[in-house]
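Please have the viewer open as you read.

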Protein chains: 2
Amino acid sequence: MSDIIDLSREACAAGQRYIEAARAATAGIVAPDGSPDPSLIEREQRRVHGLAWAATTLAALEALADWAARARRAGRFGAIEEQTLRIGFGEYLHQLTSALPMGQGEFVRPVDLDAGAAADAMRADPAVAHFLTQGNTAQTRAQLAPLLAEGALPDEAFGDETLDMIRAQFRTFTAERIAPHAHQWHLADELIPIEVVQQMGDLGVFGVCIAEEYGGLGLGKTAMCLVSEELSRGWICAGSLGTRSEIAGELIGENGTPEQKAALLPKLADGSILPTAVFTEPDTGSDLASVATRARMQNDGSWQITGAKTWITHAARADLMTVLCRTDPDTPGYGGLSMLLAHKTRGTQDDPFPDEGLSGSEIEVLGYRGMKEYTLGFDGFAVAADGLLGGAQGRGFKQLMRTFESARIQTAARAVGVGWNAFDLARRYALERRQFGKPLIEFPRVADKLAMMVAELVMARELTYSAARHKDAGKRCDIEAGQAKLLAARVAWTAADNGVQIHGGNGYALEYPISRLLCDARILNIFEGAAEIQAQVIGRGLLVGQP
Amino acid sequence: MSDIIDLSREACAAGQRYIEAARAATAGIVAPDGSPDPSLIEREQRRVHGLAWAATTLAALEALADWAARARRAGRFGAIEEQTLRIGFGEYLHQLTSALPMGQGEFVRPVDLDAGAAADAMRADPAVAHFLTQGNTAQTRAQLAPLLAEGALPDEAFGDETLDMIRAQFRTFTAERIAPHAHQWHLADELIPIEVVQQMGDLGVFGVCIAEEYGGLGLGKTAMCLVSEELSRGWICAGSLGTRSEIAGELIGENGTPEQKAALLPKLADGSILPTAVFTEPDTGSDLASVATRARMQNDGSWQITGAKTWITHAARADLMTVLCRTDPDTPGYGGLSMLLAHKTRGTQDDPFPDEGLSGSEIEVLGYRGMKEYTLGFDGFAVAADGLLGGAQGRGFKQLMRTFESARIQTAARAVGVGWNAFDLARRYALERRQFGKPLIEFPRVADKLAMMVAELVMARELTYSAARHKDAGKRCDIEAGQAKLLAARVAWTAADNGVQIHGGNGYALEYPISRLLCDARILNIFEGAAEIQAQVIGRGLLVGQP
Ligand SMILES: Cc1cc2nc3c(=O)[nH]c(=O)nc-3n(C[C@H](O)[C@H](O)[C@H](O)COP(=O)(O)OP(=O)(O)OC[C@H]3O[C@@H](n4cnc5c(N)ncnc54)[C@H](O)[C@@H]3O)c2cc1C
Ligand SMILES: Cc1cc2nc3c(=O)[nH]c(=O)nc-3n(C[C@H](O)[C@H](O)[C@H](O)COP(=O)(O)OP(=O)(O)OC[C@H]3O[C@@H](n4cnc5c(N)ncnc54)[C@H](O)[C@@H]3O)c2cc1C
Ligand SMILES: CC(C)(COP(=O)(O)OP(=O)(O)OC[C@H]1O[C@@H](n2cnc3c(N)ncnc32)[C@H](O)[C@@H]1OP(=O)(O)O)[C@@H](O)C(=O)NCCC(=O)NCCS
Ligand SMILES: CC(C)(COP(=O)(O)OP(=O)(O)OC[C@H]1O[C@@H](n2cnc3c(N)ncnc32)[C@H](O)[C@@H]1OP(=O)(O)O)[C@@H](O)C(=O)NCCC(=O)NCCS
């Protein structure tokens, strides 16, 4: 029999041919004249999104094959890695060739992509056929389960001293400082204690990707993913504090004037300035180019902001707002938008929004607690003249879109962490809880769920790291970032849902942390670009053949 | 082209052949000697459960075809009914022949059932092929969406005066008395007001299936489903108050002594006695035959109960407990269990459990609020001598299993109501919310979700009514009841999940009722026999060829 990793490569190649056929079929319909017609893309949305999901699924398999090859090279490709590879390939190749879940109840099938013949050809490929019949089988899963019961996990080392040290460091920090308290903090629906935020600042969480000259760690996006993943494994909130700093840090690092960089980056890096991302409005969520909040330049060059924003995370305790607003009302769409760096006074419990011209009220939420969400009212709120990012108007949207790539990669990493958290809890419960005279983990339906969680989490994780490397390479990567976010969000939600199911009735009790995981995981498909928006970005990108 | 309803019948026949092949293949493995071997059933659990799911899916299609035929006969088979039929058949036939979701991330495919060839044959059937390619297509869904936008819904009439009147009556009651308050009651996490319970009692909710001679309505299980469905469409709690009365009413009606019937049924029927179902224990959930709570007969023939129960819904405010307990400690398993009818004093907020020998504490939960759940401690709690159900020991488990059939059908109906509630909220939001310059419902990914909800809800509903008719026919129907419960719970959970997704960020805000629906819907896969247990009951039943 051929080597399993070689087989996985061959299966990926067959998958590529399938995706290419599906892409061509889709392009034939939505781009009859060569370039995609937006109205056809909209009419054929399910097809375009299906293509995006199929390409994402294949990308996850490629990332898994790369991971397996790396592990093999490092001498770490053992039984658990092989089973993970088999289950991952078996499952996702089946999904590609039969029915791929975009969400619950929303499947895309080859016939939906006019790619039935290409799917048949793919199934006939010997490597694909191997995995379809010998990949995700009851037998393979049954081999994996006892290893999971023992506490083994598929290889997660990078073989890179810095990265492996970062993972270890943050795993310890999370285990000691976050995990023991997270559930209480969630239930109390309070802000995460500021001391913990400061400890994270001391560890460099808020400046992972900020250049060393500005006091950051000067590391790449992979390190940022690792930090986010490990913190989220304790609590999504812990992994999400850094999202805002990542957004503000990159917006300023990439686009700021020298003065803006010098003034803000060091304080963002050490956490003494906590930023908040102020983009969404009551009438404008997915369609950010329609943002209506107005910033008017005053005679002295300073700005006054007026309008309503909503869903602003950590707004009260933040010191700096990155505000997407319309500086040119005569230019509709994204061209009239700019990004303002707006200082605000850190609020207190009694006076959450002390500044003149700024009010806010809390939005109560299912999960994702610890920073709190707010609606904000701007009423002539003043921003200094040097608050215009990069000193140039009309660039806000594209500045943000590039930064969203990082934010989405970071969100994918959060999702992976949340998923592992659900797995950890479910695994422990399945070992401890007995029913019908044995631990739950001995029942195939329970063990299967755990096995699938592991395989999917490894795929989502490796896809996320792969997107991070793309971003580090400096090229536009909204496709890769979107794929990582899209997949990881579904994987985390599935893991949490199945984690609850394994807990039976106790999964429904607030007392059990898995009930929090269900609530926390649900946000991942919604924010940072809802699943449908990611699929749109990916699908369009694939059809345009983005550079 | 053939008539669409005829085609649907032919497709069902092809589906039957597929299921029979899958059943035979499974039997060959788990019942090598003709009768199923429990240890093989356990080892091959995924396969057995997959068979159960496949049979359930087909049963849903058969129920849908029956519904279509009834609607046609009554002259009510119009465009929306045809689209529902097409989408339902298209989707579920695809699921049967490619990948069937038992839950998120858990798919069963023909290859898992060693039924690949049978699936190929099924796909080749002309009627099946028709639906696979022309059933659940973008075009069909796009035709359905504008009808849904207008507020149209597929036929829900029975053509039976009583049943249609009951639906109308309870829809009005729910719209007026439940829906406007449900979300507040949920958020406040309070008991549903006793006045509302009394109004429901006055309407006969608690005695739908209790014989007229005992003050009930003397109606069948279909009427009970209707009532449960319509009440649940406002709030799951409203539809769940009756579950307990259904259980107690049927336990007593079917098994009670004449004295027990005379003393209890009239008061259960009018709601003056509120019952609670006391079965689950901290160490015993799915495996009810292992119940350990002891009831010891005293010299005077009365009983004393000692032990711990948990997850007891509405326990504090209840007047009567149906307690599954071990009266014979020397008979392990189900044979030593009996059902006691134990009066208790209705608790108050300050003193929830005033009786001697009975203590309790509340379990905080994600959803399913309004009755509250409790752990109960029995410490020599006294039950009168006439409290032994039917006056006979050792029969408790089978008495309960037969009654669970009704409880599961009732739960399926609750799930259907919850699903419609999610649909109603999502539909309204998709009409009102605009993004990218148009209402959300105009985007195919949003409209598709709504279309799928409708098709699945009609299938789950009709399967539920079908199970109700089976129960009314007086035969053992744990397969049919389990199928209805299994499918409806998944459908409701999918509807709630997609309903949240359509709401975007607002779906995550406690302020929006859809956030409650997500929490409420999650219980349905867990209680009244978790999804894995239903699949087990169905799968085993199919293999044994239950009478
Ligand atoms: C807990 C939480 C924290 C948040 N934190 C922040 C923050 O800190 N800063 C900030 O600026 N924002 C924040 N957001 C806002 C978040 O980014 C938005 O909720 C998200 O972008 C979706 O926008 P929306 O809620 O307006 O949904 P909508 O845009 O109204 O979308 C509703 C639904 O319609 C779908 N849809 C929309 N358009 C299309 C289309 N063209 N085709 C198909 N489907 C479509 C969406 O995918 C979604 O399913 C947060 C949100 C939440 C819930
Ligand atoms: C809100 C709520 C209300 C409730 N109300 C009541 C009530 O009023 N009265 C009452 O008596 N009970 C009530 N229950 C209890 C409920 O019936 C149980 O939670 C349910 O039966 C599952 O039992 P468990 O929680 O012990 O889960 P477990 O039995 O521990 O099961 C945990 C998980 O393991 C799976 N599993 C178990 N055995 C197997 C197996 N052999 N093969 C494969 N998988 C298996 C289950 O499917 C589940 O996914 C309620 C529960 C909740 C959450
Ligand atoms: C939907 C969405 C992707 C934009 O769609 P759109 O309005 O159709 O905009 P386009 O994709 O046409 O992009 C507009 C311009 O930005 C450019 N652009 C978009 N993404 C880019 C990226 N990642 N890098 C560089 N340029 C980018 C486009 O190339 C286009 O430029 P052009 O006009 O010069 O060709 C965007 O609004 C979005 O991400 N929404 C989700 C909101 C969100 O994530 N919120 C989270 C808040 S925390
Ligand atoms: C798992 C479960 C189905 C029982 O499984 P089990 O212990 O293997 O029991 P069996 O299926 O072998 O049944 C035991 C006996 O009851 C009988 N029985 C089971 N269901 C029956 C039914 N619906 N009608 C009549 N008899 C039934 C069986 O035929 C068997 O009788 P036998 O020994 O004379 O052949 C049961 O414990 C269950 O429903 N658990 C879920 C708990 C639940 O729903 N809780 C909700 C609380 S609100």
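1. First, the ground rules. This is a predicted model, in which local features need pLDDT of at least 70, side-chain atom pairs count only at pLDDT 80 or more, and totals for chains, interfaces and linings use all residues. Residues are numbered from 1 along each chain as its sequence is written, chains are lettered from A and ligands numbered from 1 in the order in which they are written, and side-chain values use heavy atoms, with hydrogens and water left out.

2. How do the two chains relate?

3. A word on annotation. An unreviewed UniProt entry carries "domain: Acyl-CoA dehydrogenase/oxidase N-terminal" over residues 161-271 of chain A; UniProt positions are given in the numbering used here, feature names are shortened, and such annotations may be inferred rather than shown by experiment. Over that stretch of chain A, the chain is 75% helix and 0% strand, with 25 Å between the end C-alpha atoms. Helices (H or I, at least four residues) and strands (E, at least two) are DSSP runs, numbered from the N terminus.

4. Now to ligand 3, which lies between chains A and B. It is surrounded by 21 residues, the closest being A:Tyr334, A:Lys398, A:Glu405, A:Arg408 and A:Arg540 (a residue counts as near if one of its heavy atoms lies within 4 Å). By class, this shell has 10 nonpolar, 3 polar and 8 charged residues; Ala, Val, Leu, Ile, Met, Phe, Trp, Tyr, Cys and Pro count as nonpolar, Asp, Glu, Lys and Arg as charged, and the others, Gly among them, as polar.

5. Which atoms does ligand 3 meet? One of its oxygen atoms is 3.1 Å from a side-chain N or O atom of A:Arg476, and an oxygen is 3.0 Å from a polar backbone atom of A:Gly529 (a polar contact here is a pair of N or O atoms within 3.5 Å). The protein covers 74% of the 980 Å² of accessible area that ligand 3 has on its own, using the Shrake-Rupley method with a 1.4 Å probe. Two or more shell residues come from each of α13 (396-432) and α17 (531-544) of chain A, and α13(A) gives the largest share, 7 residues.

6. Ligand 4 also lies between chains A and B. Of the 22 residues around it, B:Tyr334, B:Lys398, B:Glu405, B:Arg408 and B:Arg540 come nearest. A polar side-chain atom of B:Glu405 is 2.8 Å from a nitrogen atom of ligand 4, while a side-chain N or O atom of B:Arg540 is 2.6 Å from an oxygen of the ligand. For ligand 4, the protein covers 74% of 970 Å². Its shell divides into 10 nonpolar, 4 polar and 8 charged residues, with the largest share, 7 residues, from α13(B).

Terms used: A polar contact is a pair of N or O atoms within 3.5 Å; within protein, one must be able to donate a hydrogen and the other to accept it, and residues adjacent in sequence count only if both atoms are side-chain atoms.
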